[in-house]
Amino acid sequence: MSMNTQGRPTHTGTGADINATGAALLPNEPLLFEIGDTHHSGVDLPEVEISSSRLGGFERKSGLDLAGLTEPEAMRHYVRLSRLNHSIDSGFYPLGSCTMKHNPRLNEKMARLPGFADIHPLQPVSTVQGALELMNELSHWLMTLTNTAAVALTPKAGAHGELLGMMAIKAAQDAKGQGHRKVVLVPESAHGTNPATAAFLGYAVKAIPAREDGTVDVSAVKDALSPDVAAIMLTNPNTCGLFEPQVKEIAAAVHEAGAYFYCDGANFNAIMGVVRPGDLGIDAMHINLHKTFSTPHGGGGPGAGPVVLSEALAPFAPVPFVRKDDAGLELVEHTEGGALGRISAFHGQMGMYVRALTYMLSHGADGLAQAAKDAVLNANYIKARLKSAFSLPFPDYPTMHEVLFDDAFLSGTGVTTLDFAKALIDEGFHPMTMYFPLVVHGAMLIEPTESESKQTLDQFCDVMLDLAEDARAGNTARFTDAPLNAPRRRLDETRAARQPVLRWERKDPLPQAAE
Ligand SMILES: *Cc1c(COP(=O)(O)O)cnc(C)c1O
């Protein structure tokens with residue numbers, strides 16, 4: 001029996017084999033309430049005698065309905081649950097645009113220092129000078145790497161940063177008496193959050209078509225510019241993994257027309273330390289610390305999406321921010337004039353600031369540039385190894401940190417991009433990003449990041465080439481039945497998202513508590 005990269009059996013054929021092999025390693029984990037019963041407790045507590053309640057008749061009448069488990073039982077449940085999921089710590093995770101890079105353990109060690117981990121946002125600032133110093137240092141790095149005048153640390157995700165950046169642009173347009181500008185230009189290849197942000201703020205979104213080569217044409221931007229346009233939202237490097245060659249001309253044309261340039265900086269990891277977006281003429285850009293600076297994503301998060309601002313937008317930065325002078329560091333909570341107020345309750349995700357600054361300091365300025373170059377090199381290595389068997393929609397440009405294929409190589413095979421992704425699960429890899437960006441058919445967007453070794457990239461490429469060969473040879477069962485070695489087979493993903501089953505109901509009624 002062959003094993004996949006996660007040490008699980010692969011090519012097991014029918015579902016029946018799985019019960020004897022794969023499923024044994026991937027049990028269907030019951031809920032805590034199904035494992036434990038409510039009559040026992042994991043700890044021995046003395047009986048409590050309550051003679052009279054002080055709750056005025058509001059005390060609960062039934063039992064608490066908590067499962068009684070011992071510590072090892074509870075711990076094993078959560079460890080088993082964690083193994084049902086794919087993670088960057090367990091395997092290669094080439095999810096394009098998401099930048100699933102390794103989270104260095106040094107970051108975690110620093111974030112757990114009591115001076116950072118145990119502080120409270122309402123503590124007097126005199127007691128948190130070290131934390132403010134760290135925020136100030138992080139701000140300095142972000143402004144230096146981007147060559148911008150100000151930074152707002154508080155947004156809690158890339159999308160939240162987009163909202164803040166576009167709010168700053170709106171405030172700046174209003175301040176100039178240009179509040180009638182109601183249109184935002186967004187290229188077709190943009191991440192969905194870009195048009196969503198613009199629409200959320202009441203702007204009409206005007207799409208800019210992509211050129212044949214996957215980049216944005218300055219003349220298409222010029223044609224779309226008018227006295228109604230407030231801003232352009234442009235991703236660079238773009239979501240096709242390409243550096244926009246005309247980005248400076250686009251910035252100049254946008255400014256000439258009285259609009260601002262919002263740059264989606266989610267792909268900053270490809271150019272950090274090499275290109276300063278401020279030099280390209282951007283006015284606002286969010287940076288996903290959880291992508292570029294190796295802080296954990298999602299369930300391991302939370303995220304952080306600081307926004308850097310040009311001199312024109314700096315007066316509209318939100319509060320609070322850190323100010324340093326001879327007297328020490330303070331959190332500025334109120335400002336006069338155009339500032340936007342708060343975008344989040346306190347000062348943002350402290351734990352992520354610590355992790356991101358740790359990544360920056362442990363790499364140094366030269367190391368960050370090297371990491372960006374290595375990420376680009378790794379993506380180009382995958383491109384070079386796969387390009388003979390896969391189809392490249394934009395073959396002419398060198399790719400940046402991610403490589404985009406379309407599904408032309410699968411035509412006539414009966415295998416789709418979705419099938420291909422599912423087959424990768426059986427091989428122990430997280431699939432690449434599928435069907436995004438929308439500008440190519442059946443997109444497969446692969447982002448290896450700088451953290452992967454050549455050995456891992458080769459393992460992945462070997463599997464990808466083997467799958468492509470099988471698809472062309474008509475071995476469709478390997479695709480249409482996949483995934484076989486996963487806790488779940490194919491889900492109705494739309495229904496799972498729209499009608500999630502979030503409530504568990506006990507079948508037997510609980511015994512009434514003694515009055
Ligand atoms: C990830 C991403 C975003 C959104 O960032 P979140 O932190 O997930 O909100 C926006 N644009 C692009 C291009 C991205 O890759």
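Q: Is Phe420 buried or exposed?
A: In this predicted model, Phe420 has a relative accessible area of 0%. Burial requires a value under 20%, so Phe420 is classed as buried.

Q: Is the pair of Phe420 and Phe479 stacked or edge-to-face?
A: The two ring centres lie 5.7 Å apart, and the planes meet at 25°. Planes under 30 degrees apart count as stacked. The pair of Phe420 and Phe479 is therefore stacked.

Q: How many residues apart in sequence are the parts that Phe420 and Phe479 tie together?
A: Phe420 belongs to helix α15, whereas Phe479 belongs to helix α17, residues 477–480. The pair therefore ties together parts whose separation in sequence is 59 residues.

Q: What is the relative accessibility of Phe479?
A: Phe479 counts as buried, for which the limit is under 20%. Its relative accessibility is 0%.

Q: What is the angle between the planes of Phe409 and Phe420?
A: The count of aromatic pairs comes to 10. Among them is the pair of Phe409 and Phe420, with 5.7 Å from centre to centre. This pair is edge-to-face, a class that needs planes over 60 degrees apart. The angle between the planes is 85°.

Q: Which helix holds Phe420, and how many residues apart are Phe409 and Phe420?
A: Phe409 sits in the loop between β12 (403–405) and α15 (417–426). Phe420 lies in helix α15, and the two are apart by 11 residues.

Q: Which residues do ring pairs link into a cluster?
A: Ring pairs join several Phe residues into a cluster. Its members are Phe390, Phe405, Phe409, Phe420 and Phe479.

Technical notes: Residues are numbered from 1 along each chain as its sequence is written. This is a predicted model: local features need pLDDT of at least 70, side-chain atom pairs count only at pLDDT 80 or more; totals for chains, interfaces and linings use all residues. Side-chain values use heavy atoms; hydrogens and water are left out. Rings of Phe, Tyr and Trp (its six-membered ring) pair if their centres lie within 6.5 Å; planes under 30 degrees apart count as stacked, over 60 as edge-to-face and the rest as tilted. Helices (H or I, at least four residues) and strands (E, at least two) are DSSP runs, numbered from the N terminus. Buried means under 20% relative accessible area, exposed over 50%, partly exposed in between (1.4 Å probe, protein chains only).
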